[in-house]
Amino acid sequence: MNFMLAVVVAAALATGAKAPAKAQWDPRDDGPDRIDVSSWPPAMQQRYPVFLGKCAKCHPVARPINSRFDAAEWKRYMKKMIRRPNSGINEEQAADIYQFLKYYSTKQGLR
Ligand code: HEC
């Protein structure tokens with residue numbers, strides 16, 4: 001391996017260790033990327049920014065917003081998302097986001 005190639009590979013590995021892998025494009029990514037939470041209970045409104053901040057790292061936050069998952073599906077999905085390398089989501093944040101998404105699913109008419 002020549003020197004420049006080694007530098008490029010080392011740089012790629014260093015970046016990869018911090019930034020999570022980007023998810024491939026999905027049609028949901030182009031949908032609305034906001035939820036109107038103005039009429040939601042205050043506890044739910046407080047969780048909204050946690051969701052916006054944490055669930056937009058690897059794909060647009062539009063992906064979960066335009067998904068129709070019920071509480072059980074969200075529970076399964078939250079586990080999957082926080083296990084991903086460098087998700088940057090701890091257990092407490094995951095619990096908050098799960099409560100938020102569970103409420104969102106009832107607003108979508110799911111349970
Ligand atoms: C570390 C990167 C990463 C983070 C952080 C992340 N996701 Fe994902 N997510 C992915 C990848 C990669 C996919 C596509 C592969 C898949 O569906 O598992 C995906 C797919 C999804 C899907 C589509 C699933 C389906 O099968 O229809 C939803 C919904 C989703 N993510 C929700 C979330 C939520 C909610 C959060 C915040 C708690 C989140 N994601 C945070 C990487 C991430």
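First, a term: donors are N, O and S atoms within 2.8 Å of the metal (3.2 Å for Na, K and Ca), and water is not among the atoms, so sites may look incomplete. This is a predicted model, where local features need pLDDT of at least 70, side-chain atom pairs count only at pLDDT 80 or more, and totals for chains, interfaces and linings use all residues. Residues are numbered from 1 along each chain as its sequence is written, and side-chain values use heavy atoms, without hydrogens and water.

Which residues coordinate the iron atom of the ligand? His59, through NE2, and Met81, through SD, at 2.0 to 2.3 Å. The two are 22 residues apart. His59 is in the loop between helix H2 (42-54) and H3, Met81 in helix H4; helices are DSSP runs of H or I, at least four residues.

Next, polar contacts, meaning pairs of N or O atoms within 3.5 Å. A polar side-chain atom of Tyr77 lies 2.7 Å from a ligand oxygen. For Arg84, a side-chain N or O atom is 2.6 Å from an oxygen of the ligand. His59 has a polar side-chain atom 2.9 Å from a ligand nitrogen.

Last, the shell. 22 residues surround the ligand, each with a heavy atom within 4 Å of it. Helix H4 gives the largest share, five residues.

Key
Polar contact = N/O pair within 3.5 Å; in protein donor to acceptor, adjacent residues only side chain to side chain.
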